[in-house]
Amino acid sequence: MKKLRWAIDGELWELDASTPRTLEGAARAVPGKALPSGLSRGTKLFRPNQIDFMQRFMVAPFLPSYTHHLGVTIQRVLSIPVSENWSALLLGQFNLRKFLSSLKENGGGDGVHKRDLKSIGKLFLDKSLYALGFSSEVLLTPDDTLLLSSDSYYDHNSSSIPRKKAVFHHKFPHHNLTVDAAWPALFVDKETGTYWDVPFSMAIDLASLPLDSGLSYHLCLHHNHGSPKQFQGDPIAQVPASLFPGVSAKCAFSYEKNVDIWRSKAQKLKMVQPYDIFLSDPHVSASGTIGASLSASFGESSIRLVEDAKDVKHLSYHNPTLKSTLLGDIFASVSFTAQHGNFQRLPSPEAVKMICPTTSLSLQQQIAGPFSFRVDSGVVIDFKDKGWHIQADQPVFAIEYALQVLFSAKAIAWYSPKHQEFMVELRFFES
């Protein structure tokens, strides 16, 4: 249900998207344009914290990522102990593609073969290979958290500008308040796939905590300042209207009802923890949501929003003198989920064998003229072996002679090692 709720929220609110384009590892969705569920972020750790966790508990000394403008990069963090309520992380990024290109370029095409260790070491001193990020999280009170981050890129181009961000989070009873400021702020447009930098963006967000059933609301105040600039290397696209300078406010009220059509009451395996607590109960459920939203925009963005929404049927009002726009809409959604199994049992070899697809391999090589050699074999996994080794299954070796006069006929002499059989036969219309 959580992913379905993100999909619904994504149509109304600007959820963060995961992206390797910045050290922060996130970009905001262009307002009004929802992201695919695979990219939108639910409750996720801040990128440096993700890397720190994987280094500590998943034996991952470096984490790779790839973007078309940077190529392959690797990242690692250094934890800086401060105090019990204050943590700091230093994130370093190394551009592997640029390093290998420099190595090849300075080596006259032979790369490492024509360079000694000293000259290779000098390449590591090139600052343009590195990016550095610093983040600090302070627990001000049990209910208040302040996050500060700063990214620096030593590769001097328009896509590597320094980035700073501050996030304040407060927990009210049954509510969450978030104040988020970034300069510049990175936005992603789902429709065109392009990224945009807004010189300064700030958002104040107040939301009631999600309930399984009942009434909830969401309020957001958003301010953009400065002209949006397209991320270097992306295809040229029109600037989304909602990214232009201006102030916007949005509120939404919704009522959600969840119904369990069936939920298993069978006991779980004793002394075995489920792999995912949210996937531990087999069930069939349905959910419905209905609500209304109202948004107001002031400034240059309000004029462009009216132009973009002129063909959409909803409540709207525009005042050219005050450069303001009021838009209203209603929404509804219905979802259905079903789960079998409790994601708890370690699959047996027999269970894995049942779901593995059947795989076969056929290789044919011309020997001379109409003669060719052919091997046909199945590919199976030996589940009886702890290593689950892959092996050939019933291979058949054959010598074929193509009868050109009959278009697609051939004489075949084949041998099967497993069955210890040999035969010569004539086959038609076989590839």
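Partly exposed residues are those with a relative accessible area between the buried limit of under 20% and the exposed limit of over 50%. The legends below describe close-up views of a predicted model.

Figure 1. With a relative accessible area of 28%, Asp281 is partly exposed. Its side chain meets that of Arg263 in a salt bridge, at 4.0 Å from N to O. Arg263 belongs to strand E15 (residues 246-263), whereas Asp281 sits in the loop between E15 and strand E16 (283-298), so the pair ties together parts that are 18 residues apart in sequence. Arg263 also forms a salt bridge with Asp260, where the closest N and O atoms are 2.9 Å apart. Arg263 counts as partly exposed at 35% relative accessibility, and Asp260 is partly exposed with a relative accessible area of 46%.

Figure 2. Asp52 and Arg56 are joined through their side chains by a salt bridge of 3.0 Å, N to O. Both residues lie in helix H2 (residues 47-57), 4 residues apart, which is about one turn of the helix. Asp52 counts as buried at 14% relative accessibility, whereas Arg56 is exposed, its relative accessible area being 52%. Side chains of opposite charge can pair when their charged atoms come close. The model has 9 salt bridges in total.

**Figure 3. The nonpolar surface patch.** Ile367, Phe371, Phe373, Phe397, Ile399, Tyr401, Tyr415, Phe422 and Val424 make a nonpolar surface patch of about 870 Å². At least two residues of the patch come from each of strand E20 (371-381), strand E21 (390-403) and strand E23 (421-428). E21 supplies the largest share, 3 residues. One of the patch residues is Phe371, which lies in strand E20. The relative accessible area of Phe371 is 40%, so Phe371 is partly exposed; patch residues need over 30%.

Figure 4. Val375 lies in strand E20. Val375 counts as buried because its relative accessibility is 19%, and the cut-off for buried is under 20%. Apart from neighbours within four places in sequence, Val375 is in contact with Leu361, Ser362, Leu363, Val396 and Phe397. Among these contacts, Phe397 is also a member of the nonpolar patch. The C-alpha atoms of Val375 and Gln365 are 9.1 Å apart in space, and the two residues are 10 residues apart in sequence.

How values were computed
Residues are numbered from 1 along each chain as its sequence is written. This is a predicted model: local features need pLDDT of at least 70, side-chain atom pairs count only at pLDDT 80 or more; totals for chains, interfaces and linings use all residues. Side-chain values use heavy atoms; hydrogens and water are left out. Patches are made of residues with over 30% relative accessible area and no salt bridge: like charges are joined within 9 Å, nonpolar side chains (Val, Leu, Ile, Met, Phe, Trp, Tyr) within 5 Å. Accessible areas come from the Shrake-Rupley method with a 1.4 Å probe; for residues, only the protein chains shown count as cover. Buried means under 20% relative accessible area, exposed over 50%, partly exposed in between (1.4 Å probe, protein chains only). Contact means heavy atoms within 4.5 Å.
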